[in-house]
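The sequence and the model are shown first.

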Amino acid sequence: MNTPSFPRRSVFLLVALTAAALSGCTNAGLVRVQPWERGTLADYTMRPDRDPVATAMADHIYTSRESSTGGRGVGGSGCGCN
Amino acid sequence: MSPPEITRRPTIVRRGLTIALGLALAGGARAGVNPGDPFPSLPAAGLDGGAPPATAGRVVLVDFWASWCAPCRAAFSAYARLEADYAPRGLVIVAVSVDESPAAYAAFVDRFRPPFAVRRDPEQHLARRVDIPALPTCYLLGRDGRVRFVHQGFHGDQTERELRREIDRLLADPVLAP
């Protein structure tokens with residue numbers, strides 16, 4: 001029987017890519033924001049709902065685009081299924 | 001006939017996956033201060049706010065907090081109760097802020113006026129060395145200066161109950177009690 005050959009270089013490449021992907025899922029290659037560095041992220045200005053007018057506008061646009069009454073924040077979206 | 005190249009594949013793949021697993025595990029582990037390790041010296045940590053209180057031979061609670069961290073604020077009232085109940089029996093509480101802004105730190109301290117020692121780690125050297133996993137995190141040290149318990153986050157009454165049980169145990173340690 002003729003067994004198909006599997007080039008060794010390809011195997012190494014595959015394994016190396018797997019290793020890179022696995023280690024990339026943890027710390028290597030990524031910058032983790034440490035707990036003591038999160039002051040700016042915790043600032044009020046980082047909140048997506050910090051401005052009530054902008055939030056209302058975004059809700060209005062969302063509602064219009066989705067053609068759904070209530071948009072976010074109201075149970076049921078006009079489909080009558082809720 | 002020589003064996004085909006494919007017969008080597010399992011060994012190569014196994015070796016590669018072992019390396020990958022090792023990398024993944026090494027990446028996920030936190031080096032830092034864990035239970036059983038000696039806690040870094042507070043006087044040598046260069047904290048703002050004056051020399052930290054004497055801790056030799058005492059049970060010590062070191063809390064890391066920040067003015068922008070809401071659970072840290074909730075933890076302060078629990079620490080105030082612990083201070084009232086346990087300070088006469090030998091507990092020392094040192095709350096170390098990782099605030100970058102001295103003004104935010106000062107405003108927080110002025111507002112809450114904690115009855116225990118608060119200091120600021122201006123360059124966050126101590127926080128890096130301890131490698132705190134979250135804010136707040138508190139370390140309970142035995143009389144020998146070694147970390148005995150670590151509490152990550154603050155979960156209200158549950159955390160306070162656990163802290164009381166652990167502090168009682170450390171204060172009653174017959175081997176290390178002075």
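In this predicted model, the contact between two helices of chain B involves Ala78(B), Leu82(B) and Tyr86(B) on the H2(B) side and Thr159(B), Glu160(B), Leu163(B) and Ile167(B) on the H5(B) side. By type, the residues of this contact are five nonpolar, one polar and one charged.

Two packed helices are described by the angle between their axes and the distance between the axes. For H2 (residues 70-86) and H5 (residues 157-171) of chain B, the angle is about 25° and the axes are 11 Å apart. Angles under 35 degrees count as roughly parallel, and H2(B) and H5(B) are therefore roughly parallel to each other. Their crossing is right-handed.

Chain B also holds an open sheet of five strands, in the order E3-E2-E1-E4-E5, with mixed pairing. E3 and E5 of chain B stand at the edges with a single partner strand each, so one side of each has no neighbour in the sheet. From one strand to the next, the twist averages 20°.

| Strand | Residues |
|---|---|
| E1(B) | 59-65 |
| E2(B) | 91-97 |
| E3(B) | 117-120 |
| E5(B) | 147-152 |

E1(B) and E2(B) run parallel and are joined by seven bridges. In one of them, Trp65(B) has Ser97(B) in E2(B) as its bridge partner. H2(B) packs on the sheet, where H2(B) touches E1 and E2 of chain B. The direction of H2(B) makes about 160° with that of E2(B).

Technical notes: Residues are numbered from 1 along each chain as its sequence is written. Chains are lettered from A and ligands numbered from 1 in the order in which they are written. This is a predicted model: local features need pLDDT of at least 70, side-chain atom pairs count only at pLDDT 80 or more; totals for chains, interfaces and linings use all residues. Axes are lines fitted to C-alpha atoms, for helices over the stretch in contact, and angles run from 0 to 180 degrees between N-to-C directions. Helices (H or I, at least four residues) and strands (E, at least two) are DSSP runs, numbered from the N terminus. Angles under 35 degrees count as roughly parallel, over 145 as roughly antiparallel, 65 to 115 as roughly perpendicular and the rest as oblique. A crossing is left-handed if the near helix is turned anticlockwise from the far one by less than a right angle, and right-handed if clockwise. Two residues are in contact if their C-beta atoms, placed from the backbone, lie within 7 Å. Ala, Val, Leu, Ile, Met, Phe, Trp, Tyr, Cys and Pro count as nonpolar, Asp, Glu, Lys and Arg as charged, and the others, Gly among them, as polar. Two strands pair if DSSP finds at least two bridges between them.
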